[in-house]
Amino acid sequence: MGKLLKKSASGSSYGPLSEAVAPYLAEQQLSGQLEKDLQLIQSSTQNPSDLIVRELLLQKGDGSEIRAAVLYIDGLAEKDIVHQCVILPLMQIGHHNEVTLTYIEKFVITASGIKRVNSLAESIKGLLYSNTLVLLDGVGEVLLVTSEGWEHRIVSNPTSEPIIRGPQDAFNEVLRTNTALIRRKIKDPKLVLFPIQIGTRTLTDGVIAYLQDVANPSIVDEVKRRLAAIETEGILDSGQLEDYLEDSPLSPFPQISSTERVDKAAAAILEGKIVVLVDGTPFALSMPITFTEFLLSTEDYYTSYIAATMLRWVRFLAMMMALVLPSIYIAITSYHQEMIPTELMLAIASNRSGIPFPAFVEALIMEISLELLREASLRLPGTMGQTIGIVGALVIGQAAVQANIVGPVLTIIVSFTAIGAFAIPNYNASLAIRLLRFPIMVLAAVFGIFGIVFGTSAILIHMIHLRSFGVSYLAALTPQSLKSVDDSIVFKKPGPSLKYRQSFLGLKKQKP
């Protein structure tokens, strides 16, 4: 179940321990007897091998001793913090007659974040959240000391969205690193990082990022409501949230944008959108979106507006090629030979002589072969996958032509179709276009050009009715005034002329 959390005084975002995880722990309190509490914590966590228990004898000023224990999970807590900020200061106590938990909290431990709890559930949850526990014999409370320090991937170049010019930093799998990257881009006190927690077993942390004085409050509230309504045992990647957040999960078109680029997520926040970051994944979710955004690249804003406009036209052409080019071939060769010059038609007919399949089956064989090669190249490691993708396409294509299974013209058309799909900047949008290509091919095989018109019209009608958090999916293509047409698929204005945010988002502040 998703939870919207409030930050505690120590800066942590711990919610209540899920009843699905440990319902018998919620009501248990610590006894204050060190041996009993240690056994209770160890048995409640199934006696894990990575639970480190360091028992200490604290020396008082009068020469007496008091027993204490320090607990942490090996691999989650930073050992240097535990040793230097917790264990070493505790062992150096020797000048105070009354060693209490309050004295240890205020004067001994040097770590930045400390929280006092008295329940078994909160103690165990603190361990699982990379904290260090400090127990004192005769005291029914525990200190949770902030000591996060697990291994993680460093900030590196984006792999799925590479660009030539622009920032080269990408998100990684650590939530706090990702929020810090956002903070570096947007140094504004109005930036809100609202904590969330999703999954009854994984208890995955996340944040909702937006600008308080810009974002539409109704959209922000709707994002929070949908996240709070999620009921699942685990969230391991932000992609799992998309089905819960989308207005129409059955639509082939993505209604939420994902990115691993920090600058792209920061730009979405500056535009008044809401960005969701989830711990354990390097991809941020941006919402609401329109379809035209999938044809825009981050690099458009770092190059000349003339070049960016030309590239947007090229991407639009590539999308249309990826969607209907094989269908046009099927329709023309099967029903509408008079639509192309006679010489070209004779050349196509001569190349298809001896092929035992109709144009639809011929195109279907090539498209399925292409999808198989593409998937195989993605699943194989590194250079082997690239070799399969390039050599496999050349060898299989040439062999199919020589065996008179497909014609050379169709091989060229399928190649251009694949190139068009590769030119779409967003991977999810490219998948949607590749999926819709096949039903349009079927319609073209049955009804010819009329089938293509019917299929594309049905797709367009569906996109008109599609919504992303109440925003029309084609809102960017239907501006209400010319002044709001600052940035579109048709053209991009120069930087100084971009004076308005997208009006269809209903933002508090339209001008940046």
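Mentor: A residue is called buried under 20% relative accessible area, exposed over 50%, and partly exposed in between, with a 1.4 Å probe and protein chains only. The model here is predicted, so local features need pLDDT of at least 70 and side-chain atom pairs pLDDT 80 or more, while totals for chains, interfaces and linings use all residues. Residues are numbered from 1 along each chain as its sequence is written, and side-chain values use heavy atoms, without hydrogens and water.

Trainee: Why is F450 called exposed?

Mentor: F450 has a relative accessible area of 62%. Exposed means over 50%, so F450 is exposed. F450 lies in helix 15, residues 449-465; helices are DSSP runs of H or I with at least four residues, strands are runs of E with at least two, and both are numbered from the N terminus.

Trainee: What makes V442, V446, F447 and F450 a nonpolar patch?

Mentor: Nonpolar side chains (Val, Leu, Ile, Met, Phe, Trp, Tyr) are joined within 5 Å, like charges within 9 Å. Together the four residues V442, V446, F447 and F450 have about 420 Å² of accessible area, by the Shrake-Rupley method with a 1.4 Å probe, where for residues only the protein chains shown count as cover. Helix 14 (residues 427-447) gives the most, with three residues.

Trainee: How do you know whether E362 is buried or exposed?

Mentor: E362, in helix 11 (residues 359-379), has 0% relative accessibility. Buried means under 20%, so E362 is buried. E362 touches, among others, Y329, R352 and L410, leaving out residues up to four places away in sequence; contact means heavy atoms within 4.5 Å.

Trainee: Why is T281 called buried?

Mentor: The relative accessible area of T281 is 1%, which is under 20%, so T281 is buried. T281 is found in the loop between strand 10 and strand 11.

Trainee: What makes the pair T281 and D237 a polar contact?

Mentor: A polar contact is a pair of N or O atoms within 3.5 Å; within protein, one must be able to donate a hydrogen and the other to accept it, and residues adjacent in sequence count only if both atoms are side-chain atoms. The side chains of T281 and D237 are joined at 2.7 Å, so the distance meets the limit.

Trainee: How do you know that strand 10 and strand 11 pair?

Mentor: Pairing takes at least two DSSP bridges. Strand 10 (residues 274-278) and strand 11 have three, so they pair, and they run antiparallel.

Notes. Patches are made of residues with over 30% relative accessible area and no salt bridge: like charges are joined within 9 Å, nonpolar side chains (Val, Leu, Ile, Met, Phe, Trp, Tyr) within 5 Å. A salt bridge is a side-chain nitrogen of Lys or Arg within 4 Å of a carboxyl oxygen of Asp or Glu.
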